[in-house]
Amino acid sequence: MRRPPVPPVRTLALAAAAVCALAVAWLWLSPPAAADPVAATVDGPEPDSPAPEDGPRSAEDGPSTPGIDAVYPNPVADGDRGEFVVLSVPPGTGLDGFSLDDGEGAVALNGTASGRVTLSTAPNATERLTGRSARPLPGELALSNSGETLRLQRGNRTVDTLSYTNAPAAEVVDASGEWRPLGATHRPVVGAGPGRARAFVLPDAPTLAVSRLRAADRRVLLAGYTFSSRAATEALVTAVRRNVTVRVLVDGGPVGGMSARMARRLDRLAAAGAEVRVLDGPRARYAFHHAKYAVVDDHALVTTENWKAAGTGGHGSRGWGVVTGQPAVVRGLVDTFRADAGWQDAVPWQEAKPNLTTTAGGAPANGSYPRRFDPRRVRVEGARLLVAPDNAERAVVGLVANATESVRVEQVSVGGRRQPFLRATLDAARRGATVRVLLSGAWYVREDNRNITTYLNRRAREEGLDLEARVAAPRGRYEKIHAKGVVVDGDRVVVGSLNWNNYSARRNREVAVVLEGEEPARYFRRVFRADWRGGRWTLPAGVAVACLVAALAAAWRARRIEFA
């Protein structure tokens, strides 16, 4: 009886390879999970935001004696017109017999006052600057820009002093010696309870942000650093035509200048009836308005990406984002937007435009990338809204400092070895947490990021830490990392515009949300894992075994043929 012909070795090997190739293709092409839409909810109207503060808060029960709370010595005005002094005064205190003395002369005070009182030799100018009422200061008091010691005296006795040096333009110094821009907010961290959110990443969800704008029924408050998206522009123009209130707030002087394309988009929005303002000029409270969010009706969208083709348009950057209807988060963003859009540095577009010089800019991004991670509806156990420079640095450092199991960082770059976020991350590794740091390989940060990852990996080797750092290798899944994300202990995620450098944390307006719960953390950990591998992947055990069995079978048959 004849034995059936044995397939040649080459055929068997190809068959084994085909099994593995099919398994790999299935892994690469199959979607992770179906998207789950977020149901619309109505949370009710938001209250008006408080007026911007012009000084630090006094103690809860108020001061026991009058004191100097803040000084504004260097206004952006001819002759420093509008200088003022803020006193903290016990309720119903008579100021007769008190005086302010700068070492060159004393100005007598009078009348009765309570609480925080602003005194100015030009009260009308001060009120225009601060939006708060000011009491006239009798006589002349010229505060030195180079510095001096101001004394509050009662008779011949000094009650309080405040000293400063080298007064920056348009900044207030408080009793602790801290300088901050006039009108800068002091917003607390806003906390929210359980709810639902929609987690997404870019470039995988290129239509999500614009679809939210298109769905607006009542209002859109859009905040950004740059804005050049044609799709977003047309969605907002259409919304205005439906009588939706549309307000847009962007930075007037982004790095490299405002592109002509951005100027055309803002022109179109303003012509359609949207309120468009840019943050810029000598009274600017923040170095850059770098926040990236939108409030649409009663939902908030917070992302790491700019309103442009490479960002929210999904044609380039790896970005993270979230849509939430949690009332406290939405109200907090509304309050932040109103405080930022309502100050003197938020200039109407038509007034700002003649003073701006635009740049040609490059062609809009048009890359096409696979959609591996669909947006996903997740259960959130709690959330916190962070804003910089008000509270974000302390909150993020605290979050990482409390990590006990793991920290996964996906960032454009890191400001340096001593940057507080990075130091907290390194400390987490020293406490035994598993730490992975993934940084962008974009040309403009590549060298710095290589230096940081080399430093971290050396620390890991020398100290025996479970820490590894890499520069990302997108391998065609996105162009570059632009995300500013962190996952801590598998149950907390930070998503927003906050870069890991001191300039971003201390000088920019930034917005981020902390999502608490395993579901949002699982989603973004999955994205991080894929980006971390950067084209390097591993097969599930079952598929790997199948490939191994097929290969061994082929080898065994080949051996029988060879040695029969």
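**View 1. Helix H4 against helix H5.** Arg 230, Thr 233, Glu 234, Leu 236, Val 237, Val 240 and Arg 241 of H4 are in contact with Arg 265, Arg 268, Leu 269 and Ala 272 of H5, where contact means heavy atoms within 4.5 Å, and helices (H or I, at least four residues) and strands (E, at least two) are DSSP runs, numbered from the N terminus. By class, this contact of H4 with H5 has five nonpolar, one polar and five charged residues, with Ala, Val, Leu, Ile, Met, Phe, Trp, Tyr, Cys and Pro counted as nonpolar, Asp, Glu, Lys and Arg as charged, and the others, Gly among them, as polar. The model is a predicted one, in which local features need pLDDT of at least 70 and side-chain atom pairs count only at pLDDT 80 or more, while totals for chains, interfaces and linings use all residues. Residues are numbered from 1 along each chain as its sequence is written, and side-chain values use heavy atoms, with hydrogens and water left out.

**View 2. The axes of H4 and H5.** The two axes, which are lines fitted to C-alpha atoms over the stretch in contact, with angles running from 0 to 180 degrees between N-to-C directions, come within 9 Å and cross at roughly 5 degrees. H4 and H5 are therefore roughly parallel to each other, a description that applies to angles under 35 degrees.

View 3. In H5, the residues Arg 261, Met 262, Ala 263, Arg 265, Leu 266 and Leu 269 are buried, meaning under 20% relative accessible area (1.4 Å probe, protein chains only). The elements that cover these buried residues include helix H4 (230-241), strand E14 (245-251), strand E16 (275-279) and helix H7 (349-352). Just after H5, Gly 273 takes a positive phi of about 115 degrees.

**View 4. Strand E19 and its partners.** Strand E19 (residues 317-324) is mostly covered, with eight of its eight residues buried. Ser 317, Gly 319, Gly 321 and Val 323 point one way from E19, whereas Arg 318, Trp 320, Val 322 and Thr 324 point the other way. Strand E12 (residues 195-202) pairs with E19 in the antiparallel sense over six bridges, two strands being paired if DSSP finds at least two bridges between them, and Arg 198 stands opposite Val 323 in E19. Strand E18 (residues 299-303) also runs antiparallel to E19, joined by four bridges, and Thr 303 stands opposite Gly 321 in E19. Strand E27 (residues 480-481) pairs with E19 in the parallel sense over two bridges, and here Ser 317 stands opposite Lys 480 in E27.

Methods
Buried < 20%, exposed > 50% of the residue type's maximum accessible area, 1.4 Å probe, protein only. Parallel < 35°, antiparallel > 145°, perpendicular 65-115°, else oblique.
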